Amino acid sequence: MISPHSERKARREELTVGGKQPPPPTGPPAWDGPPPPSYAPAPQTPMERIKGLPAKVSIRWRLTLTYSALFFVAAALLLFILYTIVGSAIDKAWPNLDLSGLDVETATKGQLVWHDARLQAVANARSALFSSSFMALLGMGILALMVGYFVADRAMRPVAQMTAAARKLSDSNLAHQRIDLKGPEDELKELADTFDDMLARLNVAFDTQRRFVGNASHELRTPLTINRTVLEIALSDPEASEDLKTLGRTLLEVNARNEKLIEGLLLLARSERELAVRKPLDVKEVAQTAVEQVTPFAAEHDVTITTEFANAPAIGDPVLLERSVSNLLENAVKYNIPDNGKVWIRTGMADGALVVQVANTGQHVPAYEVNSLFEPFRRLHADRVDSAKGAGLGLSIVRAVVQAHGGNVTAVPRDGGGLVVTIRLPGR
């Protein structure tokens, strides 16, 4: 059986470059590594641009333009009807000319002049109506745009309220966060109530899952404790054979790892609930405590921890935050290079947010595998049965704790090997 120390020595030349360690991460604590490469988009044809216009216009402006277009079409139709009615009314109301007593030639000329005068009056009336109505229609079109935007804004206000409520939702506040839309019993109110019912069902599902994990973990701790006690008694027997003691020590290691797995599941279930403790704290002190706890473990693995602490006041659960920082440090130590490994931890404020950053030397981590490391029971280049270094819950607990505090955690591969993990939390 190859020991972890032998394995680390065997990989020494593979993970070191010229016998020198890569430098520590530089820059402010909010550093997240280089941006992803950007590629120039493929050129679009004019028809593709026209087809893509609706997707670039918001629903508020689409409602505004629709309302204005309908108003403009209705006004234009009304203008056309008035245009027709005015001409017909003048034509019907035009008086007849009495030409009795005149000769035929004079009467014919007078009739033509009278007819031309009627046509000219109809044309003048229609022209005056069209010019004045066109200016009025243009002004009403501009007014329709403004009124349409106001109407669309009022119509979209409940949707904006639902969107704002949905953004605040997480599995930690499902128990009390609801949209609770006030207003008439219309389609939007029905949609909001349906969404609230769905949130209630989700809360029941999340709570049932958490209670199941917690209860199952508690139930499993008892037989593991009994197993450990029985094994320790058997190993303390002076008449026990060497084979029995070897088997007992192996079973104790397995039992200890199972106990750590159960503790991790309990902590994960607790982290995914809404915070029961919220009090002022300084993450600098939390990180210092975590470093003190992990330092003996780092010394066993020949890893040096370098600290750079600055005050970072916040509000939250100090025990959970300390556990999350400890998990980051333990992972940074376990997945380090064989000898003379390095771990850097920094705390401080950046852009109004509280920042904790942990970086380490280690093997190269592909960028496409970084996000999967935050999933439960996931390890780098290992399946779920390869559990020599842990249960794969460390980063999952970190993410659950950080999200319960309203923050986020990101990780990027470090130049030269290892990871740079950054926690951001709201400042106090």
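The model is predicted, so local features need pLDDT of at least 70 and side-chain atom pairs count only at pLDDT 80 or more, while totals for chains, interfaces and linings use all residues. Residues are numbered from 1 along each chain as its sequence is written, and side-chain values use heavy atoms, leaving out hydrogens and water.

Let's start inside. There is one cavity of 30 Å³ or more (a set of points on a 1 Å grid over the protein atoms alone where a 1.4 Å probe fits but cannot get out). The largest cavity holds about 60 Å³ of space, the volume being that filled by probe spheres set on the points. Its lining residues, which have an atom within 4 Å of a point, include Val-283, Leu-321, Ser-324 and Ile-423. Helix H9 (318-334) is among the elements giving two or more residues, and H9 gives the most, with three.

Now to the charged pairs. The structure holds four salt bridges (a side-chain nitrogen of Lys or Arg within 4 Å of a carboxyl oxygen of Asp or Glu), including these:

| Pair | Closest N and O atoms |
|---|---|
| Asp-153 and Arg-157 | 3.3 Å |
| Glu-185 and Lys-189 | 3.9 Å |

Within it, Glu-185 is exposed at 68% relative accessibility, whereas Lys-189 is buried at 12% (buried is under 20% relative accessible area, exposed over 50%, partly exposed in between, with a 1.4 Å probe and protein chains only). Asp-153 and Arg-157 both lie in helix H5 (residues 104-167), four residues apart.

Notes:
1 Å grid on protein atoms, 1.4 Å probe; cavity = no way out; pocket = protein on both sides within 12 Å on 5 of 7 lines; lining within 4 Å.
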